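Me: I have just opened this model and would like to learn how to read it. Could you walk me through a few features?

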Amino acid sequence: MDEKLLPPGEVCRRLGIHYVTLKRWIYSSRIRAVRTPSGRWMIPESEIEKIISGEVEAKEVKAIIYARVSSSDQRNDLERQIQYLTQYCSAKGYEIVDVLRDVASGLRTNRRDLLKLFNYVVNGQVDVVVVTYKDRLTGFGFEYLGYFFKQYGVGIEVAYGEEPKFTGKLYGMRSRRRKKLIGGFRKVLEEVEENG
């Protein structure tokens with residue numbers, strides 16, 4: 001009788017782990033997986049039972065929080081990012097390995113804590129990097145960093161998703177003021193399109 005194979009989503013749900021962690025376990029041979037002809041990983045049900053029974057130790061998702069602002073007069077924004085990301089990781093059940101922060105342009109590649117983050121990734125000490133917006137990690141080339149991290153089994157989670165344009169000026173505004181400004185800007189754009 002053939003053993004039942006489960007898709008990654010089901011395995012993650014049963015074990016209460018993140019997909020990045022499952023991938024890391026597969027690549028490090030911590031959990032046995034079968035690759036289908038279409039290239040998809042499937043996990044034998046017996047592997048899940050081993051972890052649940054304690055034969056194989058399950059592990060928490062290790063997260064690095066990375067926050068950045070462009071100038072020292074934005075330090076309050078930096079602390080807000082860190083506070084939000086700490087709550088985000090807590091809600092997801094992530095173990096926070098370190099909180100990294102830089103006060104520098106997103107275009108600078110030699111940021112002290114960014115380089116520290118690269119060391120965490122390369123040395124296999126992290127499962128996921130958590131940022132508020134893509135541009136907090138890098139001013140451009142986010143996809144390249146994502147690809148690089150993925151080679152080490154590390155994912156990037158962007159807590160807020162896409163940031164509106166004119167980020168630098170809007171980032172420090174209080175949420176209500178920012179929403180009002182963005183709403184007004186959208187209204188002007190809609191009017192221009194209607195008349196245009």
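**Reading the sheet and its helices**

Reply: Happy to! This is a predicted model. Let us begin with a pair of strands: S4 and S5 run parallel and are joined by 8 bridges.

Me: In what order do the strands of the open sheet lie?

Reply: The order is S5-S4-S6-S7, 4 strands with parallel pairing. S5 and S7 are the edge strands, each pairing on one side only. On average, neighbouring strands are turned by 25° against each other, direction ignored.

Me: Which residues of H4 are buried?

Reply: Here, buried means under 20% relative accessible area. In H4 (residues 75-92), the buried residues are Asp77, Leu78, Gln81, Ile82, Leu85, Tyr88 and Cys89. Seen down the axis of H4, they fall within an arc of 140°, so they line one face of the helix. That set packs against several elements, including strands S4, S5 and S6. On the other side of H4, Asn76, Ser90 and Ala91 are exposed. After H4 comes Gly93, with a positive phi near 80°.

Me: And how do I describe two packed helices?

Reply: Use the angle between their axes and the distance between the axes. For H5 (residues 112-122) and H7 (residues 142-150), the angle is about 35° and the axes are 10 Å apart.

Me: Which residues of H5 and H7 meet?

Reply: From H5, Leu117, Phe118, Val121 and Val122 meet Leu145, Phe148 and Phe149 of H7. The residues of this contact are 7 nonpolar, no polar and no charged. H7 also lies across S6 and S7, running at about 135° to S7.

Methods:
Residues are numbered from 1 along each chain as its sequence is written. This is a predicted model: local features need pLDDT of at least 70, side-chain atom pairs count only at pLDDT 80 or more; totals for chains, interfaces and linings use all residues. Side-chain values use heavy atoms; hydrogens and water are left out. Axes are lines fitted to C-alpha atoms, for helices over the stretch in contact, and angles run from 0 to 180 degrees between N-to-C directions. Helices (H or I, at least four residues) and strands (E, at least two) are DSSP runs, numbered from the N terminus. Contact means heavy atoms within 4.5 Å. Ala, Val, Leu, Ile, Met, Phe, Trp, Tyr, Cys and Pro count as nonpolar, Asp, Glu, Lys and Arg as charged, and the others, Gly among them, as polar. Buried means under 20% relative accessible area, exposed over 50%, partly exposed in between (1.4 Å probe, protein chains only). The arc is that of the directions from the helix axis to the C-beta atoms. Two strands pair if DSSP finds at least two bridges between them.
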